[in-house]
Amino acid sequence: MDAVLRIGLGADVRLIDVLHRKAYRIVRLDGPELDCRRLLDLGLTPGEAISVVQATPLGDPLIVAIRGTRLALRRREAAWIWVQ
Amino acid sequence: MGAVDLLAPDPPVLAKTLTVCLVGMPNAGKTSLMNQLTGGHLHTANYPGVTVTYSRGKSASRWGPEMHLVDIPGVHSPFEPSPEEDLACQIIAGRHKAVQPDAFILVADATQLERHLKFAGHVARQGRPLVVALTMTDLFPRLRLSVDVPKLADALGVPMVVVDGRTGEGSAELLAQVKLAAERPVPMNVLRRLPEDPVEAYRAVDELLERSGALISARSEVLTADRITARIDRIVLHRYFGFPIFFVILAGLFAAIFWAARPFMEGIDAAFSAAGNLVIEALPGNVLARFVGEGLIGGVGAVAVFFPQIVILFFLMTMLEDSGYLARGAALVDRPLSALGLHGRSFVPMISGFACAIPAVFAARSIPSHRERLLTIWILPLMSCSARLPVYALLLAALLPAHAAWTAGFSLAGIYLLSLVAGALVAGMTSRLVLRKRFLSVLAMELPLYRRPQWKPIFRVSWLRSSSYLKRAGVPIVVVSAALWLLSNFGFGSHTPVEAAVSSATLVAQADLENSFAGRLGHTLEPVLKPMGVDWRVGVGLISAFAAREVFVSSMAIIFHVSGDEQDQQPGLLEQMRSATFANTSQHVFTPATIIGLIVFFFFSLQCFSTVAVVRKETNSSRFAVSQLLFYTGFGYVAAVMFVQGLRFLGVS
């Protein structure tokens, strides 16, 4: 509920807190530099639309759709991604 | 100036065969294109100094100009690269000594243009001739997508050819374009001017695609338009169905390596035994003939016997990889495995390890990060491989009363489960204590679209990978087997091995084992064996088991003078083991405590020189392989001693 509220207000949320199967826009990446650089290279760039498609049975990693492909992102990595 | 112009179209330089590298991101379809371009005539090679393999071959004559083609590993990102990515980046940047391509074929997935074109920019920036090969266009209808290729090629300023790795469509044109591009100076183009920074680069690519109008997409913002993939993912990653499906696939994989390979392995084993015996019988009493027959042919047989398992494993792995499931399976188990410092993809080598550590070590190649790959290889010797099975069967039969077969079955299942637990513990402890810097690599694993596997390329790739096993592991294994044969057949006492009717091609001669070097070694080791509660005879068995663990059983049969076929040996051997006592005493060698001690020893110790040889090759580090050998064998010994002494202390003799 909290996440929904904040999205309603247009504030930034982490990708781990968003609703599944809804589209968001990446605002910024906030994590270890080299790791984030790798995510950027994979196409997770600010401004791009992103969506958490589903979680795996153990809750981690998350399945994320971006640029027409699917990625498995650990929650740790998803927490670096701030979206709107 | 005029002289320079005249020199430019230098005929001898142009006449030489071009070397062309296939580059691209993983899952772009490089391998099947490579297969198509070379007509399947490719072979694998290793870069000097690293364990990364690549395939190379000559282009098939039906596609026009002859070229040397090199398929280099796919690259996701040049940051924090895996060993494969690092090497590919070196070649792309022209910093590699052995591979200096004249031109690149950039293989790009047409369904993911943004990401693949961004990578194309990275390659183009190096200023070498470049032709883009667009793959996966057959998926366009499924994705409700289309690309106007001439428009896109115009906008980028590079030649672009649509290819199909299945049918060979576009191959001739691709090579013609490569030849053309290599003959001309590289023009400045949009692709080369793409910024280095990923954010800028993506923005430029997005803009370019939009402006040129080359990409016609019906996909709604982000949710993948491919309904088939979405639907399958919803099932195989389902909260309740996900794991049952995973376990069924795992069981299938295991069964195939374990049981489907067995008839082939027995056939190969029988063939090499027969060939060895043929040599021995041709020259009866000849020492050299016996060395060739038992030591060398036996050694080659020891290599070849793993071949069916390896072919089957690589075949199934390639199939799982190509269909798209492997990445999903890895995502399913990533959480527990990453908690131990392993990678989601570690599950394939670990399961293979229950059949044999050797193919498992090879399977670890699919793990992208170096550190997690090494940790996976580190714990593989703990997985209860099939060579331990006959040893456990013998020891459990000696330990447990014969009438209760189910207790032995239960104990065996327990041993298998415990080996997985031990592997988890060692992995967790190693990653926390030894690799104290507990940094985690980024998973960010691409889940490719589901596709129907293509049989022909899969067959070829698995064949290539398997034959590279023969090449890499073959020599060390043969050398070690031959050395062990010499050790167990020669000694100070008698310089000629006793002529014996060898019914089964065991490595150890029948009668003279006590006087052999191995026998001496067993005697020398007696003080060390004493705490384990066993005598030199078991020591000889343990030493010979380094050739392969199951040799322990046949060595015991020889040393306790039990003759006959392997099948009817067991009762006699058990009888002998029960009555065996230490020299000049009435103290039994095989008591419940010592048998449990032996089981514990076999559980932990890395008694397999073939594994050590393969690990050395794969990790390119003797230090790693030797410390693994010492760690597990030492740990096995200490644990065995602790069990034996502990049990004795508790009153179990």
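What covers the buried residues of α4(B)? The answer is in point 2, after an outline of the two chains.

1. The model is predicted. Chain A contains 3 helices and 6 strands, and its elements follow the order α-β-β-α-β-β-β-α-β from the N terminus. Of the 84 residues in chain A, 49% are buried. When contacts in chain A between residues at least 6 apart in sequence are considered, 50% of them link residues at least 24 apart. Chain B is built with 29 helices and 10 strands. Of its 653 residues, 47% are buried. In chain B, 71% of the contacts with a separation of 6 or more are between residues 24 or more positions apart.

2. Helix α4(B) spans residues 83-92 and is mostly covered, with 7 of its 10 residues buried. These buried residues are Glu84(B), Glu85(B), Leu87(B), Ala88(B), Cys89(B), Ile91(B) and Ile92(B). The cover over them includes β1 (18-24) of chain B and α5 of chain B. Just after α4(B) comes Gly94(B), with a positive phi of about 75 degrees.

3. The two chains touch through 35 residues of chain B and 34 residues of chain A. On the chain B side, at least two residues each are supplied by α5 (113-124), α9 (198-212), α10 (227-236), α11 (242-260), α15 (325-339) and β10 (445-447). The largest share, 6 residues, is that of α15(B). By class, the side of chain B that touches chain A has 17 nonpolar, 7 polar and 11 charged residues.

4. Strand β5 of chain A, residues 69-73, is linked to β10(B) by 3 bridges, and the two run antiparallel. Opposite Ala72(A) stands Met445(B), which belongs to β10(B).

5. Two helix pairs in chain B are worth a look. Two packed helices are described by the angle between their axes and the distance between the axes. In one pair, α22(B), residues 517-524, packs against α24(B), residues 536-544, at an angle of about 125 degrees, and the axes are 8 Å apart. Because of that angle, α22(B) is oblique to α24(B). Their crossing is right-handed. From α22(B), the residues Ala518(B), Gly519(B), Leu521(B), Gly522(B) and His523(B) take part; they meet Trp536(B), Arg537(B), Gly539(B), Val540(B), Ile543(B) and Ser544(B) of α24(B). This contact holds 5 nonpolar, 5 polar and 1 charged residues.

6. In the other pair, the axes of α19(B), residues 388-399, and α27(B), residues 592-604, come within 10 Å and cross at roughly 165 degrees. That angle is why α19(B) counts as roughly antiparallel to α27(B). The crossing of α19(B) past α27(B) is left-handed. On the α19(B) side the contact is made by Arg388(B), Val391(B), Tyr392(B), Leu395(B), Ala398(B) and Leu399(B). On the α27(B) side it is made by Pro592(B), Ile595(B), Ile596(B), Leu598(B), Ile599(B) and Phe602(B). The residues of this contact are 11 nonpolar and 1 charged, with no polar ones.

7. A last point concerns a single residue. Lys471(B) lies in helix α21(B), which covers residues 455-489. Is Lys471(B) buried or partly exposed? Lys471(B) counts as partly exposed because 13 C-beta neighbours lie inside 10 Å. Between the C-alpha atoms of Lys471(B) and Leu630(B) there are 26 Å, and the two residues are 159 residues apart along the chain.

Technical notes:
Residues are numbered from 1 along each chain as its sequence is written. Chains are lettered from A and ligands numbered from 1 in the order in which they are written. This is a predicted model: local features need pLDDT of at least 70, side-chain atom pairs count only at pLDDT 80 or more; totals for chains, interfaces and linings use all residues. Two residues are in contact if their C-beta atoms, placed from the backbone, lie within 7 Å. Helices (H or I, at least four residues) and strands (E, at least two) are DSSP runs, numbered from the N terminus. Ala, Val, Leu, Ile, Met, Phe, Trp, Tyr, Cys and Pro count as nonpolar, Asp, Glu, Lys and Arg as charged, and the others, Gly among them, as polar. Two strands pair if DSSP finds at least two bridges between them. Axes are lines fitted to C-alpha atoms, for helices over the stretch in contact, and angles run from 0 to 180 degrees between N-to-C directions. Angles under 35 degrees count as roughly parallel, over 145 as roughly antiparallel, 65 to 115 as roughly perpendicular and the rest as oblique. A crossing is left-handed if the near helix is turned anticlockwise from the far one by less than a right angle, and right-handed if clockwise. A residue is buried if 20 or more other C-beta atoms lie within 10 Å of its own, exposed if 12 or fewer, and partly exposed in between; C-beta atoms are placed from the backbone.
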